[in-house]
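Hi everyone, thanks for making the time.

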Amino acid sequence: MSSSPSVGAETTRAAPIQRPTAAGGSRFGVRISGSGSAIPQTRLTNKDLEQLMDTTDEWITQRTGIRTRHVFKHDLGETTARLATQASMAAVADAGLSPSDIDLVIVASMTPDAPTPSVSCMVSSALGTQKAGAMDINAACSGFVYCMNVAHDLIRGGSYRNVLVIGADRITRHVDFSTYGRATAVLFGDGAGAVVLRRTDDDTKGLIAQAMFSDGSGAKHLYIPASKADFPDGDAFEERKIGFVQMNGSAVFKFAVGTFSRLIEQTLESAGIGPTDVDHYVCHQSNARILEAARERFGLPPEKLHVNIDRYGNTVAASVPLVFDEIRRAGRVREGHKVMFLAFGAGLTWGSSLWQV
Ligand code: UT7
């Protein structure tokens, strides 16, 4: 991988955050009314990985915090659309709705089952919506957060009433489970998470602040080459890398630590609140050390910044909704809470979504 300077520096700019879109200026608020998740049946422990490659449970646990992850199996029919559908069924039921109430399906994914049809079309049909609109958005690990922002504003604008937002990825399709691929193989897992966003007359509910950013100059740090032409300058072409995740781990690590801090600061500033005013930080799970750095930086107690990477690894766009569904189902997200969703990922992309729930 190339050893170019940290992309963190490129993201230190005092970027103007998107203006808050919450209360005031619209007749409608937006409520997070239901959530659901789905993970493949097959669990791979660090000990299992020791059998597949030259690695150790100790190395993986200490460097990443990951202990197990779930991986799809073709012969169990675990496609991206199937996982997304399972998560969606749970979310729609949790919201007390039927699929025919959903009028738009938005899926965040960078691993659709095929270039077309979209995952969202397959989910919409499998659920049995009444021909709801359907679209996929690829912002890698930031995808779900981006989709929350997009869905919110479509509802607040008055065009949609009930929007299903899903994060679903089968990233282990692009993982080389051998010693050659060990630097990335140990990090990833598969899954899907979904929420139902509903229009409400209570206009205090919804986004307080949001942000979406990208920096394509950092694309070289995290990519999946489809052909020789996709190798960035400085990365030697190797046939066996085609189709597999390539990552400059230390560059992404530095980017992530810096980005999380700045994103939290900017989002809080935009909302005019302090770090401890937020009840839940629902962050992309890519490395426990990255999450811990953010937690320490803002002096947050562990019960405010949630970590489940130990059980799922990095599930790309599914990562944020998997955390949210877990804490919501545990009864930890309550009426009146403030919830900040945060993610960063390939592209590079990063974004936040701060909600009054
Ligand atoms: O959503 C996508 C975003 N991705 C991320 O956020 C990932 C960010 N980066 C990271 O989390 C960390 O950089 C990693 C966990 C990927 C790597 O941790 P690190 O502390 O930066 O390790 P390293 O890459 O510097 O590697 C240290 C050593 C190397 O050996 P030498 O050169 O010191 O002899 C690696 O070859 O660890 C070796 N190594 C491994 N050893 C055992 C790399 N992977 C493994 C492995 N098992 N799986």
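Let me start with the lining of the second largest pocket: by class, six of its residues are nonpolar, three are polar and three are charged. Nonpolar here covers Ala, Val, Leu, Ile, Met, Phe, Trp, Tyr, Cys and Pro, charged covers Asp, Glu, Lys and Arg, and polar takes the others, Gly among them.

Before going on, a word on what you are seeing: this is a predicted model, where local features need pLDDT of at least 70 and side-chain atom pairs count only at pLDDT 80 or more, while totals for chains, interfaces and linings use all residues. Residues are numbered from 1 along each chain as its sequence is written, and side-chain values use heavy atoms, with hydrogens and water left out.

Back to that pocket. Its space comes to about 220 Å³. It has 12 lining residues, and the ones nearest its centre are Y180, G181, T184, V245 and Q246. Helix α6 (182-185) and strand β10 (246-247) each supply at least two residues of this lining. Helices (H or I, at least four residues) and strands (E, at least two) are DSSP runs, numbered from the N terminus.

How do we find such pockets? Rolling a probe the size of a water molecule over the atoms shows where empty space is left. On a 1 Å grid over the protein atoms alone, a pocket is an open set of points with protein on both sides within 12 Å along at least five of seven lines, whereas in a cavity a 1.4 Å probe fits but cannot get out; lining residues have an atom within 4 Å of a point. Points are joined across faces, edges and corners, and the volume is the space filled by probe spheres set on them.

Where does the second largest pocket lie? Domain 1 (29-200) and domain 2 (206-356) both contribute to its lining, so this pocket lies between them. Those domain bounds come from an automatic or database assignment.

Now for the largest pocket, which holds about 570 Å³ of space. It is lined by 33 residues, with L187, F188, L222, M247 and V252 closest to its centre. By class we find 20 nonpolar, 11 polar and two charged residues in this lining. Which element gives the most? That is α7, with four residues. Elements that each supply at least two include α2 (57-64), α8 (288-297) and β12 (338-345). Domain 1 and domain 2 each provide at least three residues of the lining of the largest pocket.

Next, the ligand. It is surrounded by 22 residues, the closest being T55, R63, H284, N287 and N314; a residue counts as near if one of its heavy atoms lies within 4 Å. A polar side-chain atom of T55 sits 2.6 Å from a nitrogen atom of the ligand. For H284, a side-chain N or O atom is 2.9 Å from a ligand oxygen atom. For N287, the distance from a side-chain N or O atom to an oxygen atom of the ligand is 2.7 Å.

Now some backbone details. Please find P117, in the loop between β4 (104-108) and α4 (119-127). The peptide bond from T116 to P117 is cis, with omega near 5 degrees. Another cis peptide bond joins G347 and L348, with omega about -10 degrees, and L348 belongs to the loop between β12 and β13 (349-356).

K131 is not a glycine, yet its phi is positive, about 55 degrees. Its place is the loop between α4 and β5 (133-137). Is K131 buried or exposed? It is exposed, with a relative accessible area of 80%; exposed means over 50%, buried under 20% and partly exposed in between, with a 1.4 Å probe and protein chains only. V316, also not a glycine, has a positive phi near 60 degrees. V316 sits in the loop between α9 (309-312) and α10 (319-329), and at 1% relative accessibility it counts as buried.

One last stop is A209, in strand β8 (206-214). A209 is buried, at 0% relative accessible area. Its C-alpha atom is 9.4 Å from that of G272, 63 residues apart along the chain.

Conventions:
Polar contact = N/O pair within 3.5 Å; in protein donor to acceptor, adjacent residues only side chain to side chain.
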